[in-house]
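Here is a short tour for a first-time reader. Keep the sequence and the 3D view side by side as you go.

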Amino acid sequence: MGLTMGIVAAPCIGPFVLGLVTYVAAKGDPLYGFLMFFVLAVGLGFPYLILALFSGKIKSLPRAGDWMVGVKTYFRIFTDGYGHLFYRSAPSGSGCALCASILWHSGCVYLLFFDSTAAGVKGFKIFKIAFSAAVIAVSAYALIPQK
């Protein structure tokens, strides 16, 4: 099972391990390298520990429905915004933080006032309002020029 998981996970975790190997090799401290890789291993294994401890609670998780469409819409907006932020490292990308803030702001305004996904689910509606208000506040703060 470990071999199969290693083959499946190699493209996802490989760049992180390569970066960590390079960083640890530059440090030249074996104890520091051990601790860094130990923290990586604990971070990768911790979700499985939580899943094993609470495997009986999986049946009580909410089922997919209209609220999941709303969650996918939120993730789409944030992924687009972070894509704009990655262009910041480009020489001509000085306005990309502004683009990302405007995208997040307008996306959350759309989700608050125009999107009717999961309108009948009370818990998701409360989450949608609170989370959108928080993102609008943070994106509005990011639009203020910093000194």
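## A residue and its contacts: Leu111

This is a predicted model. Start with Leu111. Leaving aside residues up to four places away in sequence, Leu111 touches Thr73, Tyr74, Ile77, Lys128 and Ser132. Leu111 sits in helix 4, which covers residues 96–113. The relative accessible area of Leu111 is 0%. Buried means under 20%, so Leu111 is buried.

Leu111 and Gly70 are 41 residues apart in sequence. In space, their C-alpha atoms are 8.3 Å apart.

Ser132 belongs to helix 5, residues 122–143. Its relative accessible area is 0%, so Ser132 is buried.

Which residues does Ser132 touch, not counting those up to four places away in sequence? They are Tyr74, Cys108, Leu111, Leu112 and Phe127.

## Trp104 in helix 4

Trp104 is also placed in helix 4. Is Trp104 buried or exposed? Its relative accessible area is 14%. The limit for buried is under 20%, so Trp104 counts as buried.

Now look from Trp104 to Ala140. The two are 36 residues apart along the chain. Their C-alpha atoms are separated by 9.4 Å.

## The whole chain

The chain has five helices and zero strands. Read along the sequence, the pattern is α-α-α-α-α.

How much of the chain is buried? Of its 147 residues, 19% count as buried. The accessible surface comes to about 11100 Å². Carbon and sulfur atoms account for 75% of that surface. Contacts can also be sorted by sequence separation.

## A nonpolar patch on the surface

Turn now to the outside. A nonpolar patch on the surface is formed by Leu31, Phe34, Leu35, Phe38, Val39, Val42, Phe46, Leu49, Ile50, Leu53 and Phe54. Together these residues have about 1100 Å² of accessible area.

Phe34 is one member of the patch. Phe34 lies in helix 2, residues 30–53. Its relative accessible area is 53%. Exposed means over 50%, so Phe34 is exposed. Phe38 is another member. At 46% relative accessibility, Phe38 counts as partly exposed, because that value falls between 20% and 50%.

## Rings and a charge

The count of aromatic pairs comes to three. One of them joins Phe34 and Phe38. Their ring centres are 6.0 Å apart, and their planes meet at 20°. Planes under 30 degrees apart count as stacked, so this pair is stacked. Where do the two residues stand in helix 2? Phe34 and Phe38 are four residues apart in that helix, so about one helical turn separates them.

The charged end of Lys27 sits over the ring of Tyr32. The distance from the charged end to the ring centre is 5.4 Å.

How values were computed:
Residues are numbered from 1 along each chain as its sequence is written. This is a predicted model: local features need pLDDT of at least 70, side-chain atom pairs count only at pLDDT 80 or more; totals for chains, interfaces and linings use all residues. Side-chain values use heavy atoms; hydrogens and water are left out. Patches are made of residues with over 30% relative accessible area and no salt bridge: like charges are joined within 9 Å, nonpolar side chains (Val, Leu, Ile, Met, Phe, Trp, Tyr) within 5 Å. Accessible areas come from the Shrake-Rupley method with a 1.4 Å probe; for residues, only the protein chains shown count as cover. A salt bridge is a side-chain nitrogen of Lys or Arg within 4 Å of a carboxyl oxygen of Asp or Glu. Buried means under 20% relative accessible area, exposed over 50%, partly exposed in between (1.4 Å probe, protein chains only). Rings of Phe, Tyr and Trp (its six-membered ring) pair if their centres lie within 6.5 Å; planes under 30 degrees apart count as stacked, over 60 as edge-to-face and the rest as tilted. A charge sits over a ring if NZ of Lys or CZ of Arg is within 6 Å of the ring centre and within 35 degrees of the ring normal. Contact means heavy atoms within 4.5 Å.
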